[in-house]
Amino acid sequence: MRSMTRYVDEDLHGAEFRECDLTGARLIGVVMQDAVIDGLITNLVVNGVEVTEYVEAELDRRHPVRVLIRSEDPADLREASRQLHAGWAATIERIRRTPGIERRSVNDEWSAVQTMRHLVFVHDSWFRRCCLGSTELFTPMGIGTTVEPYRGAHGLDLSLDPALDEIVSVRDAQAAELEAWLDEVTAVQLAARAPVPDDDVWPPYARGRSVRQCLGTVLNETFEHHGFCVRDLDLIEAQDAE
């Protein structure tokens with residue numbers, strides 16, 4: 001407890017904690033109204049009640065694709081990939097109905113095009129590199145980690161500003177590549193050690209993981225970032241309607 005920073009009788013009204021590690025944080029006797037918590041949350045106890053399972057069950061009810069993403073069955077994973085691609089396709093059509101909205105952002109989050117460019121990078125790094133063992137350069141338009149020396153490495157070009165149609169074309173090709181692979185992959189192949197090349201390219205911490213674990217990162221990132229994109233489109237449209 002002595003290593004923890006303590007805030008006593010502080011007014012943190014409206015405070016924002018972004019990309020912070022709050023593991024082990026204790027909030028005692030606090031007033032928390034209209035608060036939003038968004039992130040990797042486990043073992044969260046609210047007023048003596050462990051609420052994580054309730055939250056996870058509700059998220060599964062709202063988004064059944066989450067259950068497919070967690071499955072070990074190749075058929076479920078194929079269906080998850082198809083549903084995720086269909087969800088993004090619908091959102092892209094929504095974006096096209098309001099030209100320019102794809103480059104707008106709220107609350108310092110990525111815009112829709114930046115989000116899709118990040119998924120280009122996720123596919124190249126976590127699927128092609130970690131599931132297929134590819135050593136090819138990443139797609140230049142991808143947006144990766146901010147961690148150096150990986151931020152602009154392995155073919156990424158931070159100066160690019162591609163149009164929506166160009167990004168969508170790349171993402172469609174990546175989705176087709178993933179689904180073709182999923183049509184053939186077996187449970188044994190998924191359980192095997194990921195063939196991550198032995199060089200200093202992102203993600204360095206993938207070595208030792210299974211192919212299934214690396215695929216899980218691809219599917220989870222595709223799902224989570226779609227949720228972020230839809231959330232922000234809703235906010236932008238609500239602001240414009242005021």
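A cavity is defined here, on a 1 Å grid over the protein atoms alone, as a set of points where a 1.4 Å probe fits but cannot get out, whereas a pocket is an open set with protein on both sides within 12 Å along at least five of seven lines, and lining residues have an atom within 4 Å of a point. Grid points are joined across faces, edges and corners, and a volume is the space filled by probe spheres set on the points. The structure is a predicted model, in which local features need pLDDT of at least 70 and side-chain atom pairs count only at pLDDT 80 or more, while totals for chains, interfaces and linings use all residues. Residues are numbered from 1 along each chain as its sequence is written, and side-chain values use heavy atoms, with hydrogens and water left out.

The chain holds seven helices and two strands, taken as DSSP runs (H or I, at least four residues, for helices; E, at least two, for strands) numbered from the N terminus. Read from the N terminus, the order of elements is β-β-α-α-α-α-α-α-α, and the C-alpha trace spans about 55 × 45 × 40 Å along its principal axes.

Helix H3 (residues 74-96) packs against helix H4 (residues 112-129) at an angle of about 150°, the axes lying 12 Å apart; axes are lines fitted to C-alpha atoms, for helices over the stretch in contact, and angles run from 0 to 180 degrees between N-to-C directions. H3 is therefore roughly antiparallel to H4, given that angles over 145 degrees count as roughly antiparallel, under 35 as roughly parallel, 65 to 115 as roughly perpendicular and the rest as oblique. The crossing of H3 and H4 is left-handed, that is, the near helix is turned anticlockwise from the far one by less than a right angle. In this contact (heavy atoms within 4.5 Å), Trp88, Ile92 and Ile95 of H3 meet Ala112, Thr115, Met116 and Leu119 of H4. By class, the contact of H3 with H4 has six nonpolar, one polar and no charged residues, where Ala, Val, Leu, Ile, Met, Phe, Trp, Tyr, Cys and Pro count as nonpolar, Asp, Glu, Lys and Arg as charged, and the others, Gly among them, as polar.

The axes of H3 and H7 come within 11 Å and cross at roughly 25°, which means that H3 is roughly parallel to H7. This crossing, too, is left-handed. Residues of H3 including Leu77, Leu84, Trp88 and Ile95 meet residues of H7, among them Leu215, Phe223, Val230 and Glu237, and the contact of H3 with H7 comprises 10 nonpolar, six polar and four charged residues.

The search of the whole structure finds two cavities of 30 Å³ or more. The largest cavity contains about 60 Å³ of space, and its lining includes Trp110, Ala112, Thr115, Cys229 and Leu233. H7 gives the most to this lining, with four residues, and by class the lining has seven nonpolar, three polar and two charged residues. The second largest cavity, with a volume of about 50 Å³, is lined by Asp124, Arg128, Arg129, Ser134, Glu136, Leu137 and Phe138, of which two are nonpolar, one polar and four charged.

The second largest pocket has a volume of about 490 Å³, and of its 18 lining residues the closest to its centre are Trp110, His118, Gly144, Thr145 and Thr146. H4 gives the most to the lining of this pocket, with five residues.
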